[in-house]
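Hi everyone, thanks for coming. I'd like to walk you through one model today, and please have the structure open while I talk.

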Amino acid sequence: MVRLRSVTRTGSDDLRARVHFCAETGQIWLHEHRMLLVHAEAQASLRKELIDTLGMDRAHGLLTRMGYASGVRDAELARIRAQESSDLDAFMTGPQLHTLEGIVRVTPIRLELDRVAGKFYGEFLWENSWEGQWHRHFYGIHGAPVCWTQIGYACGYSSAFMGRPILYKEVECVGMGHNNCRIIGKPMEEWDDFAEYQHFFSRESIADQLFDLQNQVAQLRSTIGAKEKLPADMVGDSPSFRAAYALLKQAANTRIGVLLLGETGVGKELFARCLHDMGPRRDAPFIAINCAAIPHDLMESELFGVEKGAYTGALVSRPGRFERADRGTLFLDEIGDLPLAAQGKLLRVLQEGELERLGDAKTRRIDVRVVAATNHDLRQLVGEGRLRADLYYRLNAWQIEIPPLRQRKEDVRLLAKRFLEKYSAIHGKKLRGFSDKAKRALLDYPWPGNIRELQNIVERGVILAPTGTSIEVDHLFSSCTGEQPREFGLDTNGALGIDRPEGAQRLCDAVLDGALTLDQLEATLIESAVDKAHGNLSSAARMLGLSRPQLAYRLKRLHEGEPAGPEAVLTRPEVPPA
Ligand SMILES: [Zn+2]
């Protein structure tokens with residue numbers, strides 16, 4: 001059992017560093033969770049209205065569960081920290097976050113825990129309780145503790161951290177007239193009267209059931225509703241994807257030659273397979289071949305088959321892909337890479353429905369639907385003489401363009417969810433989905449490798465994320481990928497500062513080491529701004545966040561070589577406009 005005395009307080013600095021304000025996107029992040037900076041008074045009004053409409057008891061349950069949910073969220077961060085620090089230090093994440101989030105100042109009085117043995121005892125002092133103070137403001141002194149959301153938080157946090165139900169009670173509360181609140185937490189069954197408290201949490205399961213039912217209804221609706229259900233692997237809701245799928249479906253029951261266009265990784269083979277599965281050939285084979293992956297001199301034997309002795313090394317007779325796909329579908333990917341000799345033979349199969357194996361005089365009848373795909377401009381290949389025009393027109397009877405993923409961003413979430421389910425099952429992992437920040441990163445990324453890249457990245461995330469947690473940005477992308485919006489963090493005094501990029505840190509080090517004076521740094525900065533603005537002082541001033549007269553003053557001083565006192569540099573003296 002570890003005890004409180006080993007707890008260090010250094011962790012709270014590290015937590016402050018995890019708060020980021022992103023002014024550009026209007027988002028605040030705590031680690032990977034999106035947070036809100038709300039008015040305490042507005043929140044208190046909402047709480048009051050809940051009490052006034054639902055009654056004390058129901059509001060009590062509702063608010064407890066709300067706190068419980070945010071406690072569970074914060075425990076995720078604690079569990080991550082537990083990988084690098086002691087259980088006790090990691091546990092203190094919760095009290096520190098509760099303080100940082102502005103809810104209540106938490107000071108541990110006694111804390112003993114053993115995650116393996118499931119032992120837990122926690123006693124904390126709560127000062128400046130947001131909830132208790134507002135409750136007292138609206139309702140006066142209450143006969144029982146009132147910090148319901150906060151108790152819910154403590155229960156949710158500790159239960160998730162310990163992996164077993166921990167129940168807290170307020171033994172003192174400002175809402176009851178005490179100076180501060182004090183709470184004690186123990187495993188649920190160690191409280192004699194735990195049954196009386198259970199109902200505050202048990203409705204959560206009813207809520208879960210309702211959500212489950214709601215989901216089931218939504219799923220049922222989607223199967224019978226106006227929106228048609230897609231085959232299992234075809235995932236997408238965007239108009240461009242739906243349009244491509246509609247074209248595919250129209251072609252499925254015909255014999256028309258289909259040409260699939262699209263960038264690498266958009267899922268051309270999936271479309272071809274879907275076409276096959278939707279049509280009358282679904283019980284016959286679907287054979288795929290990538291023309292770019294097969295050496296030119298082997299292409300003909302690969303496609304049309306070979307008779308024993310046709311060439312040195314042809315030791316046995318074997319059928320080609322066409323014969324193997326008889327009565328089914330042959331998918332020719334990267335059709336632009338098909339050698340000219342093979343193009344002639346292919347055209348004959350398409351026109352006459354017959355072929356001869358290499359080194360064989362016998363003609364074989366064949367019934368194959370050909371679906372071709374490319375990411376090249378075939379018309380251009382025709383112009384360059386690399387693709388037969390007659391073959392092009394034959395293949396291009398029904399053209400379907402599959403949109404790149406960046407043009408169907410609304411499908412990223414659906415696809416990511418599908419791949420998450422798939423790879424969680426494959427790797428036997430239970431994960432809590434994507435963090436808010438990871439979701440945003442998935443949407444912001446331009447996906448040059450399209451769906452295949454998304455699939456690989458989600459699989460990487462599933463492998464890297466620890467069981468029981470959410471997939472975070474770092475699990476998906478290595479830090480060099482993608483441009484993140486600029487964020488402002490909290491400095492050690494709790495003030496909003498600007499996160500220093502690496503280069504800025506080097507500059508600071510240079511000044512602090514004496515390699516560069518503050519004046520030199522200022523001169524360099526001003527000169528490069530003026531350079532960048534091509535001598536336009538107004539726009540240079542804007543870049544520096546100065547007024548034009550302020551910049552003019554500094555330039556004048558630089559040119560006069562007047563030594564500037566440190567104060568002058570730091571306080572940006574105001575000079576009346578010239
Ligand atoms: Zn209280």
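This is a predicted model: local features need pLDDT of at least 70, side-chain atom pairs count only at pLDDT 80 or more; totals for chains, interfaces and linings use all residues.

**Starting in the sheet**

Residues are numbered from 1 along each chain as its sequence is written.

When I say helix or strand, I mean DSSP runs numbered from the N terminus, H or I of at least four residues for helices and E of at least two for strands. By that count the chain has 24 helices and 17 strands.

Back to our pair. Strand 11 (residues 329–333) and strand 14 (residues 369–374) are joined in the parallel sense over four bridges; two strands pair if DSSP finds at least two bridges between them. For anyone who wants the reminder, strands of a sheet pair through backbone hydrogen bonds, either parallel or antiparallel.

Which order do the strands of this open sheet take? There are five, running 10-11-14-9-15, with parallel pairing. Strand 10 (286–290) and strand 15 (398–401) are at the edges with a single partner strand each, so one side of each has no neighbour in the sheet. From one strand to the next, the twist averages 20 degrees.

Lying across strand 9 (258–261) and strand 15 is helix 9 (residues 239–252), which runs at about 155 degrees to strand 15. Angles here go from 0 to 180 degrees between N-to-C directions, with axes fitted as lines to C-alpha atoms, for helices over the stretch in contact.

**What is packed inside**

Now look at Ala325, in the loop between helix 12 (321–324) and strand 11. Is Ala325 buried or exposed? Ala325 is buried, with 25 other C-beta atoms within 10 Å. The cut-offs are 20 or more other C-beta atoms within 10 Å of a residue's own for buried, 12 or fewer for exposed, and partly exposed in between, with C-beta atoms placed from the backbone.

Leaving out neighbours within four places in sequence, Ala325 is in contact with Pro285, Ile287, Leu330 and Val368. Contact means that the two C-beta atoms, placed from the backbone, lie within 7 Å. So we meet Leu330 again, as a contact of Ala325. Val368 is 43 residues from Ala325 along the chain, yet their C-alpha atoms are separated by 6.3 Å.

For the whole chain, 29% of the 578 residues count as buried. Among contacts with a separation of 6 or more, 67% come from residues 24 or more positions apart.

The largest nonpolar core has 59 residues, and those touching the most other members are Leu260, Phe271, Leu275, Val371, Ala372, Ala416 and Leu454. A nonpolar core is a set of buried Ala, Val, Leu, Ile, Met, Phe, Trp, Tyr and Cys residues joined through C-beta atoms within 7 Å. Not counting residues up to four places away in sequence, Phe271 touches Leu248, Leu260, Ile400 and Ile402. There is also a second, separate core of 36 residues, including Leu77, Ala90, Val146 and Cys173.

Helix 5 (residues 93–100) is largely enclosed by the rest of the structure, because six of its eight residues are buried. Those six are Thr93, Gly94, Pro95, Gln96, Leu97 and His98. Gly102 follows helix 5 and has a positive phi, near 85 degrees.

Most residues other than glycine have a negative phi. His31 is not a glycine, but its phi is positive, about 55 degrees. You'll find His31 in the loop between strand 3 (27–30) and strand 4 (33–35), and with 22 C-beta neighbours inside 10 Å it counts as buried. Asn128 also has a positive phi, near 55 degrees, and sits in the loop between strand 6 (119–127) and helix 6 (130–139). Asn128 has 15 C-beta neighbours inside 10 Å and is partly exposed.

Finally, confidence: pLDDT is the predictor's confidence in each residue, from 0 to 100. The chain has a mean pLDDT of 84, and 85% of its residues reach 70 or more. Residues 5–9 stay under 50, with seven contacts in the model beyond four places in sequence. Residues 562–578 are also below 50, and that stretch has 16 contacts beyond near neighbours in sequence.
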